[in-house]
Amino acid sequence: PLRNNDASIMKRRVLPGFGLSLGFTLAYLSLLVLLPLSGLVFKAGTLSFGQFWDVATGERALAAYRVTFGSAFLAATINAVFGLIVAWVLVRYTFPGKRLVDSLVDLPFALPTSVAGITLATLYAGNGWIGRYLEPLGVTVAFTPLGIVVALTFISLPFVVRTLQPVIEDIEPEVEEAAATLGATRWQTFSRVLLPGILPALLTGFTLAFSRAVGEYGSVIFIAGNMPLVSEITPLLIISKLEQYDIVGATALACVMLAISFVLLLAVNGLQWWAANRHHGGQRGSL
């Protein structure tokens, strides 16, 4: 009887069974994700292919794509480099004010995006605290595409840092000491010992930062200048079409953004999967 009771207890789960849990999951995702996206696609489907193509590949739309995805990619790349440094310092070193620095990393999460945009525009304007020193050097940040990169870098930094911190914490300092004992240089220790273990998390942080930057709106419109063909992002172009009651045109641009984002995220996730498998394969080979 005890064994039967033990078996019945083992079969019990805190959550419902697989069938019920899966059904709830699919229903929840359908309400939050699939239905809104389906409505978007169906609305854009009211256009003929020629009309959709004209809207999606117009001169203003193509320029907005370049600004949006180019700025997001550049901001995510910057954060991949400097976010790794910030995460490493916060994990490996103890210094006065460490908790303050660690809390500042989460500031973009707590700060409303519109407030962030106004603050950055004020700082980098020609008469701002930072802009007044940059403009004599020929560097104009506010109301230029460079301002977009600055804003996107600011709001996407926490995604890289918070993704990397747990992974770096799991790396024992003895690994670096062993590599140094075997005669490895600092670059060899980083590139051959540390980077393979960090790379999957780094790619994840890059993907999250890129995704966040592509859809950003509030912090960008205050610092970008919003000049068509120069510093206009796609979300702003969509809003402009909605204000002109061109709902079908706005949904067409949104579908293009959705498709491009999906393809890019799929490519990055595939690269992340490859890097993780390569790392695990290298570990098995070394054993």
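Among contacts in the protein (heavy atoms within 4.5 Å) between residues at least 6 apart in sequence, 77% link residues at least 24 apart. The model behind that figure is predicted, so to speak, with a few ground rules: local features need pLDDT of at least 70, side-chain atom pairs count only at pLDDT 80 or more, and totals for chains, interfaces and linings use all residues. Residues are numbered from 1 along each chain as its sequence is written, and side-chain values use heavy atoms, with hydrogens and water left out.

As for secondary structure, the protein has 14 helices and zero strands, where helices (H or I, at least four residues) and strands (E, at least two) are DSSP runs numbered from the N terminus. Of its 287 residues, 33% count as buried, meaning under 20% relative accessible area with a 1.4 Å probe and protein chains only. The protein exposes about 17500 Å², and carbon and sulfur atoms supply 69% of that; the areas come from the Shrake-Rupley method with a 1.4 Å probe, and for residues only the protein chains shown count as cover.

Next comes the core. The largest nonpolar core has 54 residues, such a core being a set of buried Ala, Val, Leu, Ile, Met, Phe, Trp, Tyr and Cys residues joined through side-chain atoms within 4.5 Å. Tyr 65, Ile 148, Leu 152, Leu 164, Ile 168, Ile 198 and Val 220 have the most contacts inside it. At least two residues of this core come from each of α2 (18-44), α4 (59-92), α7, α9, α11 (186-214), α13 (234-243) and α14 (247-286), and α4 gives the most, with 13 residues. Leaving aside residues up to four places away in sequence, Leu 152 touches Ser 71, Ala 72, Ala 75, Asn 79, Ala 213, Glu 216 and Val 220.

Helix α7 covers residues 113-124, twelve in number, and reaches 16 Å from its first C-alpha to its last, close to the 16 Å expected at 1.5 Å a residue; that expected span is 1.5 Å times one less than the number of residues. Ala 116, Gly 117, Leu 120, Ala 121 and Tyr 124 are the buried ones in α7. Seen down the helix axis, they fall within an arc of 130 degrees, so they line one face of α7; the arc is that of the directions from the helix axis to the C-beta atoms. These buried residues pack against α8 (131-134), α9 (145-170) and α12 (218-221).

Over in helix α11 sits Thr 207, which counts as buried because its relative accessibility is 7%. Thr 207 touches Leu 265, Val 268 and Asn 269, again not counting residues up to four places away in sequence.

Definitions and conventions
Buried < 20%, exposed > 50% of the residue type's maximum accessible area, 1.4 Å probe, protein only.
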